[in-house]
Amino acid sequence: MVLGIACIGKAQSATTFSILALGWVLAISGVFWLISSFQAWTWGGFFVYLLNAILRCMTGYLLIRHPDAGAEGVTMVLAALFVVGGLFRVVGASAIQFPRWGWTVFSGLVSIALGVYLLATWRTAGTYFIGIAIGVDLIFDGASLVGFAGAIHSLPSAQTRTA
């Protein structure tokens, strides 16, 4: 949870670091795909693996070389994901109308609003949004782990169950 708070406090640095990490993962996986392309059993398989290797290496290189532009691009993809996912939730919940479906519609509307906001401010939001999202995720993940540990700690010990 402390790391999540640090990510939110230094959102721009966390965004840059995460884009650089993604770039390195893509570049390294591209090398493995290149090696695998020479182990492909068919001529067509060779080109599929080779194309995948080239795409991964080039994408990784571009993210490493230009992390700020990469963050802007990833932010735009996330914005589109929020808008489309929110629309699906709103339409699906409205059509099915399961118990308490209004909360799902509200959640979808919040996702749509967040996506529209990101699309409108993607140049500036790209520098900090990913870091904030990672920080919030780390905080909630840490809180759930603390809750899980507390629940396990409150269980009776193995010695008292066997006695």
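**Close-up views of a predicted helical model**

Ser 111 is found in helix α5, which spans residues 101–120.

View 1. Leaving aside residues up to four places away in sequence, Ser 111 touches Phe 82, Val 83, Gly 86 and Arg 89.

**View 2. Ala 113, a second residue of helix α5.** Ala 113 also has its place in helix α5. Is Ala 113 buried, partly exposed or exposed? Ala 113 counts as partly exposed, because its relative accessibility is 46% and the class lies between the 20% limit for buried and the 50% limit for exposed residues. Ala 113 and Ala 149 are separated by 36 residues in sequence, and their C-alpha atoms are 35 Å apart in space.

**View 3. Gln 97 and Arg 100 in the loop between α4 and α5.** Gln 97 lies in the loop that joins α4 and α5, and Arg 100 lies in the loop between α4 and α5 as well. The phi angle of Gln 97 is near 50 degrees, a positive value in a residue other than glycine. For Arg 100 the phi angle is near 60 degrees, again positive in a residue that is not glycine. Gln 97 is partly exposed, with a relative accessible area of 49%, whereas Arg 100 counts as exposed at 71% relative accessibility.

**View 4. Glu 72 in helix α4.** Glu 72 is found in helix α4, which covers residues 67–96. When residues up to four places away in sequence are not counted, Glu 72 touches Trp 122, Arg 123 and Gly 126.

View 5. The largest nonpolar core has five residues, namely Ile 19, Leu 26, Leu 63, Ala 71 and Ile 130. Which residues does Ile 130 touch, apart from those up to four places away in sequence? Ile 130 touches Thr 15, Ser 18, Ile 19, Ala 71, Val 74, Thr 75 and Leu 78. Two of these residues, Ile 19 and Ala 71, belong with Ile 130 to the core.

**View 6. The packing of helix α2 against helix α3.** Helix α2 is formed by residues 11–37 and helix α3 by residues 43–65. Their axes are 7 Å apart, and the two helices pack at an angle of about 155 degrees. Helices α2 and α3 are therefore roughly antiparallel to each other, because the term is used for angles over 145 degrees. The crossing of α2 and α3 is left-handed. By class, the residues of this contact divide into 16 nonpolar, eight polar and one charged.

**View 7. Phe 38 in the loop between α2 and α3.** Phe 38 lies in the loop between α2 and α3. Its relative accessible area is 61%, so Phe 38 is exposed. Phe 38 and Tyr 49 are 11 residues apart in sequence, and the distance between them in space is 8.4 Å, C-alpha to C-alpha.

**View 8. The crossing of helix α1 and helix α7.** Helix α1 comprises residues 2–9, and helix α7 comprises residues 129–153. The axes of the two helices come within 7 Å and cross at roughly 160 degrees. Helices α1 and α7 are therefore roughly antiparallel to each other, and their crossing is left-handed. On the side of α1 the contact is made by Leu 3, Gly 4, Ile 5, Cys 7 and Ile 8. On the side of α7 the contact is made by Gly 131, Ile 132, Ile 134, Gly 135, Val 136, Leu 138 and Ile 139. The contact of α1 with α7 has nine nonpolar and three polar residues, and no charged residues.

View 9. Ile 5 is found in helix α1. Ile 5 is exposed, because its relative accessible area is 55% and values over 50% are placed in that class. Ile 5 and Leu 138 are 133 residues apart along the chain, and their C-alpha atoms are separated by 8.2 Å. Both residues take part in the contact between α1 and α7.

Definitions and conventions
Residues numbered from 1 in each chain as written. Predicted model: local features only at pLDDT ≥ 70, side-chain atom pairs only at ≥ 80, totals over all residues. Heavy atoms only, no water. Core = buried A, V, L, I, M, F, W, Y, C linked by side-chain atoms within 4.5 Å. Buried < 20%, exposed > 50% of the residue type's maximum accessible area, 1.4 Å probe, protein only. Contact = heavy atoms within 4.5 Å. Helix = DSSP H or I, 4+ residues; strand = E, 2+ residues; numbered from the N terminus. Axes fitted to C-alpha atoms, helices over the stretch in contact; angles between N-to-C directions. Parallel < 35°, antiparallel > 145°, perpendicular 65-115°, else oblique. Left-handed = near helix turned anticlockwise from the far one by under 90°. Nonpolar A, V, L, I, M, F, W, Y, C, P; charged D, E, K, R; others polar.
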